[in-house]
Amino acid sequence: MASLAERKAYREKIMQALYETAEGNRLLGVTGSKLRDDLGIPDADIAAACTYLEGEGLVTVDWAAGNTPAMVMLTHQGIRVMEAKEEEQD
């Protein structure tokens, strides 16, 4: 199981990947397998991170068999959080 620091990093990486892919459009999502392959996050940790982010209202997840995220999409709140982070960096 991942450490707390790793879990936080995984969640941040997932949010950033979704934000960059969706470009502010909450109808666009990313498959769990693409997140796993692009970010190098183990399946169990992808599922745990997506569950956490979904619980926080930042993403919606369409789940496949075996607790695997089939599709992950930012919510309106998730987009707002990422836009606020982007504004802070500018």
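User: Where in the structure is asparagine 67?
Analyst: Asparagine 67 is placed in the loop between E2 and E3; helices (H or I, at least four residues) and strands (E, at least two) are DSSP runs, numbered from the N terminus. This is a predicted model, in which local features need pLDDT of at least 70 and side-chain atom pairs count only at pLDDT 80 or more, while totals for chains, interfaces and linings use all residues. Residues are numbered from 1 along each chain as its sequence is written, and side-chain values use heavy atoms, with hydrogens and water left out.

User: And is asparagine 67 buried or exposed?
Analyst: Asparagine 67 counts as exposed, at 60% relative accessibility. The cut-offs are under 20% relative accessible area for buried, over 50% for exposed, and partly exposed in between, with a 1.4 Å probe and protein chains only.

User: What is phi of asparagine 67 near?
Analyst: Phi of asparagine 67 is near 55°, which is a positive value in a residue other than glycine.

User: Let's go inside. How many residues has the largest nonpolar core?
Analyst: The largest nonpolar core has 21 residues, and among those with the most contacts inside it are Ile14, Leu18, Leu35 and Val72. By a nonpolar core I mean a set of buried Ala, Val, Leu, Ile, Met, Phe, Trp, Tyr and Cys residues joined through side-chain atoms within 4.5 Å.

User: Which helices and strands supply at least two residues of this core?
Analyst: Helix H1 (4-22), helix H3 (43-55), strand E2 (59-64), strand E3 (68-74) and helix H4 (76-89) each supply at least two residues of this core. The largest share, 6 residues, comes from H1.

User: What is valine 72 in contact with?
Analyst: Once its neighbours within four places in sequence are left aside, valine 72 is in contact with Leu18, Gly29, Val30, Leu35, Cys50, Val59, Thr60 and Val61; contact here means heavy atoms within 4.5 Å.

User: New topic, charges. How many salt bridges are there?
Analyst: The count comes to 4 salt bridges, a salt bridge being a side-chain nitrogen of Lys or Arg within 4 Å of a carboxyl oxygen of Asp or Glu. One of them joins glutamate 12 and lysine 85, with the closest N and O atoms 2.7 Å apart. Because glutamate 12 lies in helix H1 and lysine 85 in helix H4, this pair ties together parts that are 73 residues apart in sequence. Glutamate 12 is partly exposed, at 33% relative accessibility, and lysine 85 is partly exposed as well, at 32%.

User: What does lysine 34 form a salt bridge with?
Analyst: Lysine 34 forms a salt bridge with aspartate 38, where the closest N and O atoms are 2.6 Å apart. The two are 4 residues apart in helix H2 (residues 32-39), so about one helical turn separates them. Lysine 34 is partly exposed, with a relative accessible area of 43%, whereas aspartate 38 counts as exposed at 52%.

User: And which residues are linked in a network of salt bridges?
Analyst: Arg36, Asp37 and Asp43 are linked in such a network, and within it the side chains of aspartate 43 and arginine 36 meet at 3.2 Å, N to O. Aspartate 43 is partly exposed, with a relative accessible area of 46%, and arginine 36 is also partly exposed, at 30% relative accessibility.

User: What about aspartate 45, buried or exposed?
Analyst: Aspartate 45, which is in helix H3, is buried yet has no salt bridge, and the nearest side chain of opposite charge, arginine 7, is 7.2 Å away. For charge, Lys and Arg count as positive and Asp and Glu as negative, while His and the chain ends are not counted. Not counting residues up to four places away in sequence, aspartate 45 touches Met1, Ala2 and Tyr10.

User: Last one, rings. What sits over the ring of tyrosine 52?
Analyst: The charged end of arginine 11 sits over the ring of tyrosine 52, 3.8 Å from the ring's centre; the rule asks for NZ of Lys or CZ of Arg within 6 Å of the ring centre and within 35 degrees of the ring normal.
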